[in-house]
Amino acid sequence: MAAEKDQQKDAEVEGLSATTLLPKLIPSGAGREWLERRRATIRPWGSFVDQRRFSRPRNLGELCQRLVRNVEYYQSNYVFVFLGLILYCVATSPMLLVALAVFFGACYILYLRTLQSKFVLMGREVTPAHQYALAGTVSFPFFWLAGAGSAVFWVLGATLVVIGSHAAFHQVEAVDGEELQMEPV
């Protein structure tokens with residue numbers, strides 16, 4: 001915790017802080033704090049993609065060790081790889097962009113409407129959760145036509161392939177205080 005604050009202070013001295021680098025569209029709260037923690041713990045991208053550090057594991061034990069250690073070590077990098085694959089999928093599917101625009105447009109209209117007055121439908125006040133469910137229901141046909149289900153499975157599959165292959169073939173980073181282990185002959 002103290003190290004994160006020191007890193008943030010160092011960045012602020014240089015004129016950049018994590019809060020100014022995050023998009024203004026992300027409201028303050030749990031999601032923004034989570035994203036700030038991810039950005040603070042990101043490992044250098046140079047060591048992440050260094051081709052000299054990739055090799056085939058010698059046995060199944062080393063493969064499992066690499067998977068576990070690399071996922072722990074590069075966890076934040078993997079989150080941003082996942083987010084990048086989502087952005088790629090959305091950007092390359094115009095119908096999915098339309099479906100997302102319909103959904104977020106409906107949510108925004110409902111948000112503006114609740115700022116003016118309570119939303120009443122058939123004599124009953126509609127809660128915000130029900131309003132967003134209504135927005136999802138209205139935009140569901142657009143998501144179905146856009147093939148959102150297949151997009152979700154494509155993103156999950158691509159994430160497993162990219163992250164799994166990186167974690168399996170990237171050599172494990174040396175950790176301070178780690179003992180040398182002898183291999184059986």
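Trainee: Which residues form the aromatic cluster here?

Mentor: In this predicted model, Trp45, Phe48, Tyr73, Tyr74 and Tyr78 come together as one aromatic cluster.

Trainee: And how many aromatic pairs does the structure hold?

Mentor: There are eight aromatic pairs in the structure. One of them joins phenylalanine 48 and tyrosine 74, with 5.1 Å centre to centre and 70° between the planes, and that makes it edge-to-face.

Trainee: Nice. What does that pair tie together?

Mentor: Phenylalanine 48 belongs to helix α4 (residues 45–48), while tyrosine 74 is in the loop between α5 (60–73) and α6 (75–91), so the contact ties together parts that are 26 residues apart in sequence.

Trainee: Where does the charged end of arginine 43 sit?

Mentor: Arginine 43 places its charged end over the ring of tyrosine 73, 4.0 Å from the ring centre. Tyrosine 73 is also a member of the aromatic cluster.

Trainee: Changing topic: what does UniProt have as "transmembrane region"?

Mentor: The UniProt entry, which is unreviewed, puts that annotation on residues 78–111 and 132–156. In the model, residues 78–111 are 94% helix and 0% strand, with end C-alpha atoms 33 Å apart. For residues 132–156 the chain is 96% helix and 0% strand, and the end C-alpha atoms are 25 Å apart.

Trainee: Let's look at α7. What span should that helix have?

Mentor: Helix α7 covers residues 94–116, and at 1.5 Å a residue its 23 residues should span 33 Å. The end C-alpha atoms of α7 are 33 Å apart, which agrees.

Trainee: Which α7 residues are buried, and what covers them?

Mentor: The buried ones are Leu96, Ala99, Ala106, Cys107 and Leu110. Their cover includes α6, α8 (128–146) and α9 (148–169).

Trainee: OK, confidence check. What's the average pLDDT?

Mentor: The protein averages 80, and 78% of the residues score at least 70.

Conventions. Residues are numbered from 1 along each chain as its sequence is written. This is a predicted model: local features need pLDDT of at least 70, side-chain atom pairs count only at pLDDT 80 or more; totals for chains, interfaces and linings use all residues. Side-chain values use heavy atoms; hydrogens and water are left out. UniProt positions are given in the numbering used here, feature names are shortened, and annotations may be inferred rather than shown by experiment. Helices (H or I, at least four residues) and strands (E, at least two) are DSSP runs, numbered from the N terminus. Rings of Phe, Tyr and Trp (its six-membered ring) pair if their centres lie within 6.5 Å; planes under 30 degrees apart count as stacked, over 60 as edge-to-face and the rest as tilted. A charge sits over a ring if NZ of Lys or CZ of Arg is within 6 Å of the ring centre and within 35 degrees of the ring normal. The expected span of a helix is 1.5 Å times one less than its number of residues. Buried means under 20% relative accessible area, exposed over 50%, partly exposed in between (1.4 Å probe, protein chains only). Contact means heavy atoms within 4.5 Å. pLDDT is the predictor's confidence in each residue, from 0 to 100.
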